[in-house]
Amino acid sequence: MTLVVDKNESEEIELKVSDRCDACGAQAFVYVKGLSGELYFCGHHYAKNEEKLKSWSFTIIDKRDTINKKSESSN
Ligand SMILES: [Zn+2]
């Protein structure tokens, strides 16, 4: 058997524009991997569920700092 060291796994996860929040369908900025699967959240819904998710998940990729980097078209 080969032991896979998965410590680097989280660094390879990239959130794409096509990744959508599981709650509302907006662009996802947080990836959460937990015991029973994977979830994607927008910043809003991640913040809303953050405490629950932190106890459930073992990997959280938080890319909310990229939210402000998206196009500044009409804001
Ligand atoms: Zn959402």
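Colleague: How many helices and strands does the chain have?
Modeller: The chain has two helices and three strands, where helices (H or I, at least four residues) and strands (E, at least two) are DSSP runs numbered from the N terminus. This is a predicted model, in which local features need pLDDT of at least 70 and side-chain atom pairs count only at pLDDT 80 or more, while totals for chains, interfaces and linings use all residues. Residues are numbered from 1 along each chain as its sequence is written.

Colleague: And what pattern does the chain follow along the sequence?
Modeller: Read along the sequence, the pattern is α-β-β-α-β.

Colleague: OK, the sheet then: what is the order of its strands?
Modeller: The three strands form an open sheet in the order β2-β1-β3 with antiparallel pairing, and two strands count as paired if DSSP finds at least two bridges between them. The edge strands are β2 (37–41) and β3 (57–62), each of which pairs on one side only.

Colleague: How many bridges are there between β1 and β3?
Modeller: Strand β1 (residues 30–34) pairs with β3 over five bridges in the antiparallel sense, and within that pairing Tyr 31 has Ile 61 in β3 as its bridge partner.

Colleague: Which residue in β2 does Val 30 stand opposite?
Modeller: Val 30 stands opposite Phe 41 in β2. Setting aside neighbours within four places in sequence, Val 30 is in contact with residues including Phe 41, Tyr 46 and Ile 61, where contact means that the two C-beta atoms, placed from the backbone, lie within 7 Å.

Colleague: Switching topic, which residues make up the largest nonpolar core?
Modeller: That core has 10 residues, among them Val 30, Tyr 31, Leu 39 and Phe 41, and β1 and β2 each supply at least two of its residues. A nonpolar core is a set of buried Ala, Val, Leu, Ile, Met, Phe, Trp, Tyr and Cys residues joined through C-beta atoms within 7 Å.

Colleague: Last one, why does Arg 20 count as partly exposed?
Modeller: Arg 20 is partly exposed because 15 other C-beta atoms lie within 10 Å; a residue is buried if 20 or more other C-beta atoms lie within 10 Å of its own, exposed if 12 or fewer, and partly exposed in between, with C-beta atoms placed from the backbone.

Colleague: Where is Arg 20 in the chain?
Modeller: Arg 20 sits in the loop between α1 (9–12) and β1. Arg 20 and Phe 41 are 21 residues apart in sequence and 7.0 Å apart in space, C-alpha to C-alpha.
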